Amino acid sequence: MSADLDPVIHSQARLRIMTTLTALPAGDRLTFPRLQQLLDATAGNLSTHLRKLEDAGYVEVVKSFRGRVPSTEVGATRDGRRAFEDYLAALQALLTPPAAPAARTDPEADRSATSPQEER
Amino acid sequence: MQAHPENVDPADGPADLADGPADPAAMAALVAAQRAHVVRSTNPDARLLYGVWGAAWLVGFGLLWLADRSGSGLTVGAAYAGFGALMLVGVVVTAVHLTRRSSGLSGSSKAQRQMLGWTWGLSFSAVAALNTSLGMSGASDQVMAVVTSVVPALVVGALYMAGGAVWGDSMQFGLGAWICVAAAAGALSGPAHVHLVMAVAGGGGLLIGALVYHLRVTRSPSRARRPGAPS
């Protein structure tokens with residue numbers, strides 16, 4: 001059933017990470033502690049999932065220094081945003097039953113058939 | 001609180017993220033919930049800001065109006081002290097709130113917010129300079145009453161309108177237009193009534209704005225304005 005869903009994103013943890021990063025305007029990044037706070041996650045666990053997303057090219061992890069304090073910032077890449085959009089579209093397709101044959105009058109099917117797919 | 005991944009023991013901290021896939025409906029719900037949480041946590045809360053400033057204007061200008069009326073027992077000095085303290089509370093609440101909501105953000109959003117901060121800070125510094133200059137050059141109490149009430153309101157109204165236009169936020173634009181109209185009405189009503197007009201129309205308008213935003217939020221909890229939002 002979930003054959004079309006990108007396995008890199010198709011985990012609750014990584015889906016929440018990608019949702020968080022793509023909720024920001026393109027080009028924006030979050031510091032690691034702030035991302036951790038928005039996800040209510042442990043640092044080690046978050047690092048593990050970020051590494052998988054980074055290996056896939058979906059997020060970039062930028063390490064720098066602010067004065068002498070090390071700072072880690074995380075942002076979704078262009079590929080990551082596209083993969084996330086594709087994932088959402090695939091998810092939506094799974095949730096939308098295929099067009100009903102001829103004279104079917106299921107109000108549920110009607111509603112989902114007319115629901116807007118993507119906002120842009 | 002500001003932990004770094006390199007030197008943090010994986011065992012400390014809140015909890016491991018729930019892992020593994022869930023069914024599609026649950027995953028879609030997860031996206032909607034997390035997106036709403038992020039938007040709510042990183043964007044300023046208009047209700048808080050309009051509410052604080054609406055209350056500060058209503059009470060602050062109300063005090064000045066009371067002091068204008070003989071027999072109220074409130075001295076002009078005490079009224080201005082109260083007014084100043086309320087404005088200071090507004091500035092502190094706003095600064096703390098915006099700093100918290102922007103914490104950990106970098107990139108275009110951060111630059112945008114910093115420029116907005118400078119816009120408000122510099123324009124109000126110029127307003128303060130104008131008031132000081134008029135006071136020192138012997139402007140009458142009548143002139144001071146009008147200028148010190150109307151000019152700041154004009155700046156607020158203009159910045160709200162411009163902000164509303166840039167963000168595509170018609171509510172903010174409308175509120176700015178209302179504040180501009182209130183400022184004009186205050187100016188035309190003259191020194192005897194300007195404080196009352198600014199308290200009721202200005203402060204009252206901001207409080208109504210806060211209420212309208214509140215109703216909007218409670219009626220559609222996940223008003224995310226981000227592209228690609230699942231329907």
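Predicted model: local features only at pLDDT ≥ 70, side-chain atom pairs only at ≥ 80, totals over all residues.
View 1. Chain A exposes about 6,300 Å². Carbon and sulfur atoms supply 52% of that area.

View 2. Chain A contains 5 helices and 3 strands.

**View 3. Crossing of helix 1 and helix 3 in chain A.** Two packed helices are described by the angle between their axes and the distance between the axes. Here helix 1 spans residues 12–22 of chain A, and helix 3 spans residues 43–55 of chain A. Their axes come within 10 Å and cross at roughly 75°. Angles of 65 to 115 degrees count as roughly perpendicular, so helix 1 of chain A is roughly perpendicular to helix 3 of chain A.

**View 4. Residues at the contact of helix 1 with helix 3 in chain A.** Helix 1 of chain A contributes A:Ala13, A:Arg14, A:Ile17 and A:Met18. From helix 3 of chain A come A:Leu46, A:His49, A:Leu50, A:Lys52 and A:Leu53. The residues of this contact divide into 6 nonpolar, 1 polar and 2 charged.

**View 5. Helix 5 of chain B and the glycine just after it.** Helix 5 of chain B covers residues 141–167, 27 residues in total. From its first C-alpha to its last, the helix reaches 39 Å. That is close to the 39 Å expected at 1.5 Å a residue. Just after helix 5 of chain B, B:Gly168 takes a positive phi of about 70°.

Technical notes. Residues numbered from 1 in each chain as written. Chains lettered and ligands numbered in written order. Heavy atoms only, no water. Helix = DSSP H or I, 4+ residues; strand = E, 2+ residues; numbered from the N terminus. Areas by Shrake-Rupley, 256 points an atom, 1.4 Å probe, with all protein chains shown as cover. Expected span 1.5 Å × (residues − 1). Axes fitted to C-alpha atoms, helices over the stretch in contact; angles between N-to-C directions. Parallel < 35°, antiparallel > 145°, perpendicular 65-115°, else oblique. Contact = heavy atoms within 4.5 Å. Nonpolar A, V, L, I, M, F, W, Y, C, P; charged D, E, K, R; others polar.
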